[in-house]
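Open the model in your viewer and keep the selection panel at hand. The stops below say what to select next and what is there.

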Amino acid sequence: MDFGFLSQPAFSGGGTYFDWVLSGIKWTMLVSICAWVIAFTLGSVLGVLRTTKLWWLKGPATAYVELFRNVPLLVQMFIWYFVVPEIVPKTLGMWLKQGMPMPEFWSAVFALGFYTASRVAEQVRSGIQSIPVGQTHAALATGLTMPQVYRHLLLPMGYRIVIPPLTSEFLTIFKNSSVALTIGVLELTAQARTISEYTFRTFEIFTLATVVYVLITMAVTVLMQLVERRLRVPGFIGTGK
Amino acid sequence: MFTDFDFDVIERALPYLWQGMMFSLGLTLLAMVGGIVLGTLLALMRLSSYKVLRVPAGTYVNLLRSTPLILVIFWFYFLVPIAVKHITGDSYAQGIGPFHSALIAFTLFEAAYYCEIIRAGIQSVPAGQVQAAQALGLNYWQATLQVVLPQAFRNMVPILLTQGIILFQDTSLVYVVGLTDFMGAASKVAQRDGRLVEMYLFAALIYFILCYLASFFVKRLQSRITPPR
Amino acid sequence: MLRITHLFAAIAAAGLLTAPVHAAELTGTLKKIKDTGVVKVGHRDASVPFSYLDDKQKPIGYGVDICMKVVDRIKAELKMPKLKVEFVPVTSQTRIPILMGGNIDMECGSTTNSVERQKQVAFAPTYFMTGTKIIVKKSSGIKGYDDLKGKTVVFTQGTTNERAMKAYNDEKKLGINFIPSKDHAESFLAVETGRAVAFPMDDILLYGLKAGAKNPNDYEVIGEFLSDDPYAIMLRKDDPAFKKLVDSTVAGLYKSGEINKIYTKWFQSKIPPKGINLNFPMSDSLKESIKNPNDTGVGACGKMKC
């Protein structure tokens, strides 16, 4: 293997091929993080709504989860990028295609964020539901209202329980961000493909991309284990070991 | 809103879309079977008391689980045939065909995910079961195949099937190497006839119906096989 | 300018056209075809009229027809009348790795023979001559390349046109915003739906896309040639026996004049699926290439330096 080609000046745009790799990593991170903000916020709201006993809150949240979970991410990405601008009013459609900056980036972020929100919602719901009902009853008996029970008991405990599954959801978003290449976002996998085309160093550049994905995954995993340890409540779940 | 749209395009493309769907379903089923078999082996390796088995299996699983599926598809589609040529020293690269390339990539990728599911399943079988089997004089393979795995799989069926639904959705990614699965067929028709809106909405609808029904079925199965507590 | 080699005329003259290939000495692709009983032909989805899908989704076109002549020749040489033909779809980006990986044995599409690509693959004699231009909407007011300053341009990944346009952009410092796309139909749709203002591509493919559009009169193909693009069947490198067979088959079509029939069928008659006639008479440079079959490639960056 010879990685010397990375320091060669790239075919176009100034810079070297290594700069293309760095730019790929940047876009992978940007897509992942922006999509995660949407997925986490929306997913939390939906997950909480699914645990309530009010059908008019629970129903729409359940419908959302079923809809977004049962359509492949690639298809959802195409719908945000290719279909939505054509079925909204014409001026808005033109703005989505030409007026707004980086349409492919934002389509990817929304597609990935809304898709992953359905998965986050399921994790949050099962986290909250895994807290014994007796605790809720006890809290209500002390005079707390239901919103207060959520605020002081169910959410703080539920989120601690779901840190590991949410970490793996974040890593899933990170890996799924490569699907954004299908609508033209030049993230890491796309850059690797392009560089292999220009330099014919397919083996080397794919190896490099794979190593970058593995290293970032490892870094996130270690970081989240630290977070989990910091947030532990003594005497409760997660302190068994 | 849809006055400008031409939904006949779907009807005309149905035979082609059907072929694509057969590709998707075939790929899903075979990769699922292959992934479960290989995943079981990997899980047994990861649980083995021998380091020489445990470490390579662990490395493989963690490597595949940290790599995006699209990158794995690229690896297998473009590089493996060339690597094989170098290893065997043949005078030509023996291409294994697009379907088989995809099948191998998905099987190896899914095996890493199935391994973790199956490992958890095996660990959920009480240790007493293994000890009882050993007390009866069964060796490792007899105990594993006749006592542990049957119980583990019984508990795991719903999760394995759910992973199968995810796999079915993931097969749409063969689009990136230009293969004609259901999504590939839909997008080729969409682009040739300039009918993106109609075809992509139709594709979404079909995927939704299939996956929703499948997960509904899995949920019912789950409530039936979960032993009463 | 292209330099013309007379290699193939010489081969034809030497009588190699009729020399049988002996099974015992088979190597490379021919051996593979003999062993597996299958010849794998790479085709495109939307390179009208070279290689594209008809309304039954069957690959057809000028390049496909020429490749089928090669297949006939393989059948005769290997004495395998029942040889199976497997069509494999490829894109601009996947065609070279797929060929090298052995998933196809030859690619019959709209591939430019460039010296850059010759480092990895080989080409049969040129079967069409074209070059990069751009397609725009008439209403866009774009009259030449320099009007693209600061605008969005879509390109098909892995094409020589991408390189020619980017080299021009770098040289003239136009600051074009490029968006990548997977295949020509998708690129053209980006122009049709207004996502991009222009699509640089070989002019003949642009005429094909324009003719197939919902409203052909909305579009025009403009500009001077940014590059010369000679098309040819693409083969694996370092496989002289197979290359000789393909070369001599193509040269044979040129010599017998059969090429004219195939040309007329695809460029000057109604073609499926919509019955469009491209009305594109044979250019002088193609006539020259047919008189003197050659596999000389062109530079990678079109007429710019890189």
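## Stop 1: a sheet in chain C

Select strand 1 (residues 38-43) and strand 6 (residues 106-107) of chain C: they run parallel and are joined by two bridges. Strands pair if DSSP finds at least two bridges between them. Helices (H or I, at least four residues) and strands (E, at least two) are DSSP runs, numbered from the N terminus.

This is a predicted model, in which local features need pLDDT of at least 70, side-chain atom pairs count only at pLDDT 80 or more, and totals for chains, interfaces and linings use all residues. Residues are numbered from 1 along each chain as its sequence is written, while chains are lettered from A and ligands numbered from 1 in the order in which they are written.

Now pick C:G42, which stands opposite C:E107 in strand 6 of chain C.

## Stop 2

Colour chain C by domain: domain 1 is 7-128 + 230-291 and domain 2 is 132-228. These bounds come from an automatic or database domain assignment. The C-alpha centres of the two domains of chain C lie 27 Å apart. Between them, 16 residues of domain 1 are in contact with 18 residues of domain 2, contact being C-beta atoms, placed from the backbone, within 7 Å. On the side of domain 1 of chain C that touches domain 2, seven residues are nonpolar, seven polar and two charged. Here Ala, Val, Leu, Ile, Met, Phe, Trp, Tyr, Cys and Pro count as nonpolar, Asp, Glu, Lys and Arg as charged, and the others, Gly among them, as polar.

## Stop 3: the largest nonpolar core

Which residues have the most contacts inside the largest nonpolar core? Select B:I73, B:Y200, C:A198 and C:I233; the core has 199 residues. Such a core is a set of buried Ala, Val, Leu, Ile, Met, Phe, Trp, Tyr and Cys residues joined through C-beta atoms within 7 Å. A residue is buried if 20 or more other C-beta atoms lie within 10 Å of its own, with C-beta atoms placed from the backbone.

Centre on C:A198. Beyond its neighbours within four places in sequence, C:A198 is in contact with residues including C:I134, C:V136, C:L148 and C:V191.

## Stop 4: helix 8 of chain B

Select residues 196-225 of chain B. This is helix 8, with 30 residues. Its buried residues include B:L196, B:Y200, B:A204 and B:Y207. Among the elements they pack against are helix 3 (73-87) of chain A and helix 7 (184-192) of chain C.

Next, show chain A beside chain B: 28 residues of chain B are in contact with 28 residues of chain A. Helix 8 of chain B supplies 11 residues, the largest share of the side of chain B that touches chain A. That side has 23 nonpolar, five polar and no charged residues.

## Stop 5: chain A

Finish with chain A, which has 10 helices and zero strands. Buried residues make up 41% of its 241 residues.

Terms used
Expected span 1.5 Å × (residues − 1). Buried ≥ 20, exposed ≤ 12 C-beta atoms within 10 Å, placed from the backbone. Contact = placed C-beta atoms within 7 Å.
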